[in-house]
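Trainee: Please take me through this entry with the criteria laid open, so that each label can be checked against its cut-off.

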Amino acid sequence: MMLAARRTREDLDGAVTLWRAGLARERYGSQEWAASAGQLAEGLYALFTLDGDAELLEEALVLLERAVRDLPTGGFGDTLRANRAVLLATRHQVVRPDPGGLDEAIAVLDDFVRRAVDATDPERADWTAVHLAQALTLRYADRGNPADLSRASALRKPSDGPLGNSVAPGSRLGTGLAIGSDIQATVALFEYMSDARQADVDQAIIDQKKALDQCGEDVVRRSPLVINLALTLAVRHHARRGADRADESVPSKVAPTDLTRALDLLRENDGETVPAQHRGGVMALRGMLLLERYMTDPVRYAADLTASERLLCDALDHPGLDYRSKIGVASRLAYCRLAIARSTGDATLLEAAIDLARRVAADIPDESPLRAGVLGCLADVLLARADVTGLASHQREAGELCRQVCRDYADSDRAAVYLAARVWSESAWRRGAMDEVAEAGRIAVPLLHDIASLQLGRDDKAVPLRQAEGLASRTAFALVTRGETAEAATTLETGRAVMLAETMQREHPDLLRLLASEYQNLSFRFRRAAEEMTALERRLLAGPDLPVVDGIRETYRVRLRALDDVVRDIRGLPGFGTFLRPPGMADLSGTADGCRSTLVYLAATDRGGVALLVPAASPGTAGRPVRAVELPGLTADFERQSVTALRGAVAHDDLDEAERRMDELTGRLWESVMAPVVRAVGTGTPTILIPDGPLGMLPLHAAARPDRRAPTGRRFVIDDIPVAMAPSARTLSVAVARTSEAPVHRLLAVRDPSPSGESPLPGAAAEIQRVRAALPRRVRVRELHGVAATRQEVQRALAEAEICHFACHAHVHAERPLDGGLSLAGGERLTVRDMFAMPTITARLAVLSACDSGRVDESLPEEVVGLATGFLQAGFGAVIASLWPVDDAAAAAQMALTYQYWLGEGKTLPAAVGSAMVWLRDSTNEEKSAEFPELDFFDPVDSAAPDDPEWPGGREHSSPLVWAAFSCLGT
């Protein structure tokens with residue numbers, strides 16, 4: 001026993017020799033023979049764990065089978081039966097598939113666990129439960145029965161209590177805890193594979209680290225745990241690949257670090273110290289990691305590709321690599337050969353990659369939960385071949401396999417289905433196969449919506465949304481080519497502002513109808529479940545470094561399940577079948593009717609763009625078909641170039657040059673985007689633009705063309721139609737429903753907070769004074785300025801006003817968009833994070849008269865993450881915000897006029913904003929001085945003297961650079 005405890009090869013050989021001699025002295029069938037056989041079997045198994053010799057394992061199994069044959073149930077007999085069950089499961093996992101043996105092992109261990117509930121030996125019961133959980137995860141990996149995974153998870157809940165923290169690492173109990181943590185990590189990874197929930201792989205990494213801490217320094221026990229941790233880090237890197245921010249100068253916070261840490265782990269656990277049984281796993285994983293590193297930068301890491309192929313091939317030939325691991329290794333080798341074929345143009349290697357992927361797909365059982373991913377790998381390789389050869393037969397084969405994956409696994413593996421559909425869509429788009437783009441997009445876009453909703457926290461939700469950038473636009477474009485304009489519009493809506501819509505739709509207008517019905521109890525259940533979910537999400541928004549896994553992960557899953565349950569019950573009621581489903585045409589038409597406006601979706605692709613018009617109901621519009629307007633000049637490059645041009649104009653030091661650049665930009669926006677839209681909508685039609693991606697950062701309302709009759713020589717969109725913006729129809733419908741009847745009695749004004757670390761805003765006082773003068777008498781104003789405008793006081797006051805007006809500084813945080821915000825007293829900020837986390841209020845309008853207050857996260861523009869949408873989510877019906885820095889006097893005049901036209905003259909909010917812009921643009925210098933004598937419109941150094949005969953009739957503020965910064969979000 002002492003020799004065996006030292007666990008070196010030499011000592012174990014010695015112990016086994018002694019046990020063989022002892023067994024030979026005992027009478028077969030006696031209790032003593034059984035005990036000696038059990039000891040020898042334990043020694044043989046220990047040797048097997050060192051070098052992976054399957055004959056040792058088989059000999060141990062034969063010994064245990066003979067030993068337990070005549071032993072009664074209970075006591076020592078149970079111990080040997082449990083040991084044999086563990087070896088049966090090990091043989092199935094490592095040596096050869098043995099489904100019957102695995103079932104027998106599970107039955108034995110399950111019986112032991114059930115009988116041990118009231119046993120006096122909790123340590124032995126726990127040991128058995130650990131191995132039962134391990135066997136259940138093996139069976140789940142083969143057959144995909146969710147009940148096995150659920151039972152395994154329930155058996156091995158994390159031990160974070162005093163007992164778990166006080167156990168010595170490497171002790172028998174510590175080893176059991178390590179195996180339990182490893183099982184929890186395995187369960188979390190399987191859950192990730194099914195739903196692509198980022199928090200699951202984060203949790204798996206935490207559990208793997210716990211396992212390493214608990215197992216002690218025994219290299220035999222540590223080696224597989226080190227491999228598992230490195231593998232899980234690689235999974236997270238792969239899961240988040242392609243989700244980096246658009247600004248390549250901003251490093252990803254996770255992915256490269258994970259890859260480096262995984263490679264470092266393998267270097268630290270390499271060489272002869274690694275048991276022979278695990279060396280194949282180390283080689284395989286290093287090959288996979290090198291392939292991943294090559295994919296991050298093919299030029300820098302070009303040598304990794306051939307090294308990866310060599311390691312993966314060697315790993316497949318290693319006797320210690322189990323058959324299940326070989327499936328994953330062969331799949332990665334197929335990808336590796338595909339990458340080599342792409343880089344070298346070697347058609348032979350391309351066919352070799354396909355042949356290998358076919359063999360893997362043929363070998364994996366139909367019921368395995370890994371099969372969908374393996375077929376997806378084969379489909380990916382076939383699509384790559386179709387891209388290279390362009391042969392119709394290759395395209396058909398690849399497309400048919402993608403259809404098969406999407407059809408056969410729609411109910412069991414949405415992550416694999418989504419990935420297959422997305423990759424299929426991208427390949428078809430490159431080939432110009434619009435029918436396939438439409439077919440694949442129909443599957444992928446709704447699944448993207450579902451997968452994003454499963455994520456824990458905004459950072460995790462952003463991962464799949466970034467990876468799918470442009471998916472909805474390409475699908476809509478393809479649908480338009482097929483004449484399916486209504487579906488194209490709903491596709492754009494489904495893929496737009498997913499996070500914002502998810503939160504705001506918890507105030508769905510249908511809840512009022514439900515509350516008035518006989519099923520009002522479901523309305524109460526939904527509100528309670530939604531409030532609990534929202535409270536947890538607000539907790540996650542408390543700060544960027546708050547952990548979002550472990551207990552919070554499980555709480556999130558429970559609350560999400562409760563919310564899903566009540567949503568399912570509501571959908572079962574007559575007339576509520578579409579409740580909170582991805583939007584349909586009725587939702588879009590209803591929003592257009594509610595706003596009395598035409599909704600215009602704008603989408604750009606690298607093949608051109610499209611506008612989709614959803615009109616409001618009016619006489620003669622029965623059926624109201626969605627109209628498509630082709631925009632060939634609206635490409636993805638045009639979007640990016642236009643945003644760059646806007647930034648260049650705004651930042652230019654020379655005012656004349658800045659205005660010239662802005663004129664050029666607004667002219668291009670008219671020609672490529674808005675001219676066909678305005679003609680299709682019709683002059684005077686209230687219009688709400690729902691632009692995709694970077695288009696939302698541009699002053700589309702200021703798109704212009706020459707007009708000699710106009711005071712400025714140019715005619716702009718706002719001269720033709722009242723125009724507002726919206727993140728999506730769903731968010732707009734909620735905003736309109738909750739505030740359309742809200743009376744306006746109180747206004748909160750926040751002006752020039754100090755000390756804020758910012759330069760003073762001398763025009764802020766005049767702006768608020770002018771706003772006061774423009775308000776009807778019924779509106780009471782509460783003003784916070786200077787030291788009184790603290791973050792805490794502003795947050796408290798927001799809930800008490802129908803209108804909130806900020807005249808202060810704002811800042812955009814490029815690396816952490818949620819931390820950008822409005823500057824307040826004491827150097828504090830009212831951040832985007834604060835607004836997203838704020839308890840829902842009901843208010844009519846937020847005016848953010850601050851530089852850049854309308855900017856959004858440019859790395860994820862389709863989600864429209866910024867201050868304006870933060871106020872929208874917090875409960876405001878509409879938001880007026882600035883797309884770039886604005887002049888104090890111009891902003892003050894524009895805001896005062898907006899209130900006057902809106903509350904004083906009864907215009908709609910978008911029309912009021914447009915009218916204020918027109919006045920500021922077209923009014924003469926003399927008219928501005930007369931109307932706003934207290935505002936410093938004109939700098940005497942830069943302006944002509946007032947006694948110049950041409951100065952009074954001049955228009956120094958006619959450039960869109962001055963008057964077009966503000967946009968109206970909502971109506």
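**Contacts and cores**

Trainee: Which residues does Leu-798 touch, not counting residues up to four places away in sequence?
Mentor: Leaving out those sequence neighbours, Leu-798 touches Leu-748, Cys-804, Phe-806, Leu-830, Met-835, Met-838, Ile-841, Phe-871 and Phe-876, where contact means heavy atoms within 4.5 Å. Leu-798 is also among the residues that touch the most other members of the largest nonpolar core, which has 283 residues; the others are Leu-602, Met-674, Phe-806, Leu-822, Phe-871 and Tyr-899. Apart from that core lies another of 31 residues, including Trp-429, Ala-433, Met-434 and Cys-595. A nonpolar core here is a set of buried Ala, Val, Leu, Ile, Met, Phe, Trp, Tyr and Cys residues joined through side-chain atoms within 4.5 Å.

Trainee: What kind of model is this, and which residues count towards the totals?
Mentor: This is a predicted model, in which local features need pLDDT of at least 70 and side-chain atom pairs count only at pLDDT 80 or more, while totals for chains, interfaces and linings use all residues. Residues are numbered from 1 along each chain as its sequence is written, and side-chain values use heavy atoms, with hydrogens and water left out.

Trainee: How do you know where the predictor is confident, and what is the mean pLDDT of the protein?
Mentor: The mean pLDDT is 87, with 93% of the residues reaching 70 or more, on a scale that gives the predictor's confidence in each residue from 0 to 100. Over residues 1-6 the pLDDT stays under 50, and the model has 10 contacts for them beyond four places in sequence. The pLDDT is also below 50 over residues 159-163, a stretch with 5 contacts beyond near neighbours in sequence.

**Salt bridges**

Trainee: What makes Glu-292 and Arg-241 a salt bridge?
Mentor: A salt bridge requires a side-chain nitrogen of Lys or Arg within 4 Å of a carboxyl oxygen of Asp or Glu, and the N to O distance for Glu-292 and Arg-241 is 2.9 Å, so the pair qualifies. Glu-292 sits in helix H14 (residues 276-296) and Arg-241 in the loop between helix H12 (219-239) and helix H13 (255-268), so the pair links distant parts of the chain, 51 residues apart; helices (H or I, at least four residues) and strands (E, at least two) are DSSP runs, numbered from the N terminus.

Trainee: Is Glu-292 buried or exposed?
Mentor: Buried means under 20% relative accessible area, exposed over 50%, and partly exposed in between, with a 1.4 Å probe and protein chains only. Glu-292 has 5% and is therefore buried, whereas Arg-241 has 31% and is therefore partly exposed.

Trainee: Why do Glu-484 and Arg-442 tie together parts of the chain?
Mentor: The closest N and O atoms of Glu-484 and Arg-442 are 2.1 Å apart, in a salt bridge. Glu-484 lies in the loop between H23 and H24 and Arg-442 in helix H21, so this pair ties together parts that are 42 residues apart in sequence.

**A covered helix**

Trainee: How many residues of helix H23 are buried?
Mentor: In helix H23 (residues 471-481), 10 of the 11 residues are buried, which makes the helix mostly covered. What covers those buried residues includes helix H20 (414-431), helix H21 (434-454), helix H24 (485-494) and the strands S1 (598-605), S2 (608-614) and S3 (627-631).

**Aromatic pairs**

Trainee: Why is the pair of Tyr-140 and Phe-190 called edge-to-face?
Mentor: The structure holds 9 aromatic pairs. For Tyr-140 and Phe-190 the centres are 4.9 Å apart and the planes are at 80 degrees. Rings of Phe, Tyr and Trp (its six-membered ring) pair if their centres lie within 6.5 Å, and planes under 30 degrees apart count as stacked, over 60 as edge-to-face and the rest as tilted, so this pair is edge-to-face. Tyr-140 counts as buried at 10% relative accessibility, and Phe-190 likewise at 11%. The rings of Trp-919 and Phe-932, with centres 5.7 Å apart and planes at 75 degrees, are therefore edge-to-face as well.
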